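Please read it beside the structure.

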Protein chains: 2
Amino acid sequence: TIFVITPTYARLVQKAELTRLSQTFLHVPQLHWIVVEDSPHKTPLVSDLLVKSGLTYTHLHMPTAKDRKLQENDPSWLKPRGVEQRNEGLRWLREDRRAQPGGDNQQGVVYFADDDNTYSLQIFEEMRSTERVSVWPVGLVGGMKYERPVIEGGKVVRFHTGWRPSRPFPMDMAGFAVSLKLVLANPESCFDGEAPMGFLESSFLQGLVTMDELEPKADNCSKVLVWHTRTEKPKMKREEALQAQGLGSDRAVEV
Amino acid sequence: TIFVITPTYARLVQKAELTRLSQTFLHVPQLHWIVVEDSPHKTPLVSDLLVKSGLTYTHLHMPTAKDRKLQENDPSWLKPRGVEQRNEGLRWLREDRRAQPGGDNQQGVVYFADDDNTYSLQIFEEMRSTERVSVWPVGLVGGMKYERPVIEGGKVVRFHTGWRPSRPFPMDMAGFAVSLKLVLANPESCFDGEAPMGFLESSFLQGLVTMDELEPKADNCSKVLVWHTRTEKPKMKREEALQAQGLGSDRAVEV
Ligand SMILES: O=c1ccn([C@@H]2O[C@H](COP(=O)(O)OP(=O)(O)O)[C@@H](O)[C@H]2O)c(=O)[nH]1
Ligand SMILES: O=c1ccn([C@@H]2O[C@H](COP(=O)(O)OP(=O)(O)O)[C@@H](O)[C@H]2O)c(=O)[nH]1
Ligand SMILES: [Mn+2]
Ligand SMILES: [Mn+2]
């Protein structure tokens, strides 16, 4: 099973994002979607979408602590997003798996999939064989066409990245998967929301693996099979003008 | 069969967009994807993607006339996009269908699906029963939460839109489908690239149908089942800096 952990938060494009993401996952055999809402409670929008998705899923929620939450007009790099949600997904997964037969020796893979990225179906086949931590390129991330581990003799020797290649693991969240075994064997490993910018992935991976142990996928990291796409925030100028006249869109219609 | 006509053009996010779109369509039975590249020739990126998609498709190309093409820094509303490509899709469809048995009386539906929108699977089931022209709401379009036809007594009586509701058909491209019969019975109907802003959909529909004949779908136009999402243009600052040093991403890697 591939356990996919997805943080998500309420915004205009949320339903659209989760809709197309669920369509992607519906093509992937043996996928368990762990959706963690950044919210003090589960919302009906996400609950309904999950029920109707046809996927195997777990629906969780965990609000980002107020002082850690990105505000409306903050630049997007100011604070890491989705941290408490990914950690909540890990907490649930560890607890749930402890209740299963097989103890710490269960087959499975854990992947962190943000709700706005684009995933080829092949990337899920690549990650299925993860022994410890597997890695591959990510397209359109970090101001680059792609970032990727550079492979020599079948091993990761350095990273192609536009910024601080000396970070322990200068990789985007979308560029690695971890075996369930390793996650269970390290019950305290999680993401550090206080990590400096660009070090969030490293904060999790540092305790789990060394660069030497990374398993290159996607044809020795030569293929881009996942893209760090971002969706534009829709303009609502006309909506606001009409609302001021009492002629706005019906709030009862879910978008 | 649902014939889906999609204009597409080369840009950084093109492969990501077409990847997730193809995953959506792969869930839809009896769908024929007509992909029309805005290009003087078919590109290997799109050709390969289509071959691997598992979909029934036709791959066409038609470059936008130079004086009609939106330039790098033009605002996106300056010129309509995808016009010549949609018309080329219509031309191919009419020609191809003429060669099939059944003449002008063939079952089928034609839908214009831009490559960056988000489509629920249900919208395809809704449009399957189109007799002439069916209509439904579109989310996140025109500066509004949604635009939609307003229904009274099962008929469209006006439109909820943020701008010039008096246009003949003030609807987005994603908000209607046309029966194949009607397309074949009107062999000259196409989109007018010279239509004033906001009148492109009207230029096509005006010759085909009256407001009174429109068939409301999506529970009397009360549900949003398609979203006019747009994908951010990725920043390439680091890439350009590295390229200047000869350390840019490998051009041979397709993104
Ligand atoms: O306040 C927030 C902002 C983002 N996210 C989620 O965290 C992940 C990463 O956020 P985003 O995609 O905005 O980051 P970026 O694209 O800038 O890396 C996504 O799954 C979001 O849905 C969240 O849970 N709460
Ligand atoms: O120069 C261009 C720009 C756009 N398009 C296509 O035309 C459609 C509409 O363009 P876009 O999504 O950019 O328009 P908007 O989102 O602003 O309505 C999409 O399928 C694009 O891929 C195109 O063929 N050539
Ligand atoms: Mn993102
Ligand atoms: Mn668009």
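The model discussed here is predicted.

**Salt bridges**

Over all chains, the structure holds 24 salt bridges. B:Lys15 takes part in one of them, with B:Glu254 as its partner. This pair links distant parts of chain B: B:Lys15 sits in helix H1 (residues 14–25), while B:Glu254 lies in the segment after helix H8 (237–244), 239 residues apart. B:Glu254 is partly exposed, at 31% relative accessible area.

| Lys or Arg | Asp or Glu | N to O distance |
|---|---|---|
| B:Lys15 | B:Glu254 | 2.6 Å |
| A:Arg97 | A:Asp96 | 2.9 Å |
| B:Lys223 | B:Asp219 | 3.0 Å |

A:Arg97 has 15% relative accessibility, so A:Arg97 is buried. B:Lys223 is partly exposed, with a relative accessible area of 41%. In chain A, shared partners join A:Glu88, A:Arg91 and A:Glu95 into one salt-bridge network.

**Ligand 2**

Several polar atoms approach the ligand. A backbone N or O atom of B:Pro7 lies 2.7 Å from a ligand 2 oxygen. A polar side-chain atom of B:Asp38 is 2.7 Å from a nitrogen of ligand 2. The side chain of B:Asp115 places an N or O atom 3.0 Å from an oxygen of ligand 2. On its own, ligand 2 has 520 Å² of accessible area, and the protein covers 90% of that.

**Manganese**

B:Asp116 also coordinates the manganese ion (ligand 4) through OD atoms, at 2.2 to 2.4 Å. B:Asp116 is in the loop between strand E4 (109–112) and strand E5 (118–119) of chain B.

**Helix H1 of chain A**

Helix H1 (residues 14–25) of chain A has 12 residues. From first C-alpha to last, this helix reaches 16 Å, close to the 16 Å expected at 1.5 Å a residue. Is the helix enclosed or open? H1(A) is largely enclosed by the rest of the structure, because 12 of its 12 residues are buried. Among them are A:Lys15, A:Glu17, A:Arg20 and A:Phe25.

Technical notes: Residues numbered from 1 in each chain as written. Chains lettered and ligands numbered in written order. Predicted model: local features only at pLDDT ≥ 70, side-chain atom pairs only at ≥ 80, totals over all residues. Heavy atoms only, no water. Donors = N, O, S within 2.8 Å, 3.2 Å for Na, K, Ca; no water. Helix = DSSP H or I, 4+ residues; strand = E, 2+ residues; numbered from the N terminus. Salt bridge = Lys/Arg side-chain N within 4 Å of Asp/Glu carboxyl O. Buried < 20%, exposed > 50% of the residue type's maximum accessible area, 1.4 Å probe, protein only. Expected span 1.5 Å × (residues − 1). Polar contact = N/O pair within 3.5 Å; in protein donor to acceptor, adjacent residues only side chain to side chain. Areas by Shrake-Rupley, 256 points an atom, 1.4 Å probe, with all protein chains shown as cover.
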